[in-house]
Amino acid sequence: MNEFLRTLGHLLTLFYYWIESMILFFVPKQFKMKDVTDELVLITGSGSGIGRLTAIKFAEKGANLVLWDINENGIEETAKLVREKGTKAFTYTVDVTNREAVYKTASKVKEDAGVVTILINNAGIVQGKPILELDDKQVEKTMNVNALSHVWMIKSFLPDMLQNDHGHIVSIASLAGLGGVPRLADYCASKFAAVGLMDSLEVELHAMGRKNIKLTTICPFFINTGMFNGINSKLFSILEPEYVAEEILTSILCEKGTVIIPRSFYVLIAMKTMMPNRSLLALHDAFGGSESMDLFTGRTKDKIH
């Protein structure tokens, strides 16, 4: 009987949170936003694009920034923009695929800046080639940047969050982490891995009874940062970086879990889980997904953001 009541209680909790999330989906963004003044926010890939814009937005909210990127000039420019907002910025030139470099730099961050309370795994790379045209090193690079680096970062900064019972981990994943796209097999695999990592970590923290370590996974459509130059979207507009950065900030301040941008894709992702494969392929054809990457060029020099 006790086990039955326990199970019933969990099921009632399930429906309560389900209804709550449906209500909050339509509540104005300003509802229940947390204060990040003097929080220490680390953003990988913050030398340009979404990483830079997100850093600036956190600075405007009073947070201090730790900026990581492989591009030294990029993060110094971001740091300048952050400091103009009146907050601190600490810069580190790091290759996040180098596990030992990540661990070493993480220790230096703690000495220089203090304990990181919000970790945003944003660094990413795209190749944009059919799977048989990818060489092995390109596949490894994609997985290392987009997925394995998240593991090294989490292992570096989660212990302090657990010790202080306070923290927030964010993964800038992709809609490509929820569904397949032609010429992005390695990219999709890496983003599926990032989404799976966050899903698993959430359950792991829950099992530990750690309710004050928050997780947010961001899954946006193609963003107009140059990383996906040349892609063709028949029905959906390419997202503007400023809009995505604002959505990222809001999602973190509201402590949302998995966030899909734009919202219209919630319906398509739900449909994907229920329809047969042939219907899914027909959906790709109807919305232009099958040829979306045919004219892809990406960035001409550096495809890491």
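Where is the place of L268? L268 sits in helix 8 (residues 265-274). This is a predicted model, in which local features need pLDDT of at least 70, side-chain atom pairs count only at pLDDT 80 or more, and totals for chains, interfaces and linings use all residues. Residues are numbered from 1 along each chain as its sequence is written, and side-chain values use heavy atoms, with hydrogens and water left out.

View 1. Helices here are DSSP runs of H or I with at least four residues, strands are E runs of at least two, and both are numbered from the N terminus. G179 is 89 residues away from L268 in sequence. In space, their C-alpha atoms are 9.9 Å apart.

**View 2. Helix 4 packs against helix 5.** Two packed helices are described by the angle between their axes and the distance between the axes. The axes of helix 4 (residues 99-112) and helix 5 (residues 136-164) come within 9 Å and cross at roughly 30 degrees. Axes are lines fitted to C-alpha atoms, for helices over the stretch in contact, and angles run from 0 to 180 degrees between N-to-C directions. The two helices are therefore roughly parallel (under 35 degrees; over 145 is roughly antiparallel, 65 to 115 roughly perpendicular, the rest oblique). Helix 4 contributes R99, V102, Y103, A106, V109 and K110 to the contact, and helix 5 contributes W152, M153, K155, S156, F157 and D160. Contact means heavy atoms within 4.5 Å.

**View 3. Helix 2 has covered, buried residues.** The buried residues of helix 2 are I50, G51, T54, A55, I56, K57, F58 and A59. Their cover includes strand 1 (40-44), strand 2 (64-69), helix 3 (72-83), strand 4 (118-121) and helix 7 (241-253). After helix 2 comes G62, with a positive phi near 95 degrees.

View 4. Most residues other than glycine have a negative phi, and most peptide bonds are trans. P262 lies in the loop between strand 7 (258-261) and helix 8. D38 is exposed, at 60% relative accessibility. R183 is partly exposed, at 26%.

Notes: Buried means under 20% relative accessible area, exposed over 50%, partly exposed in between (1.4 Å probe, protein chains only).
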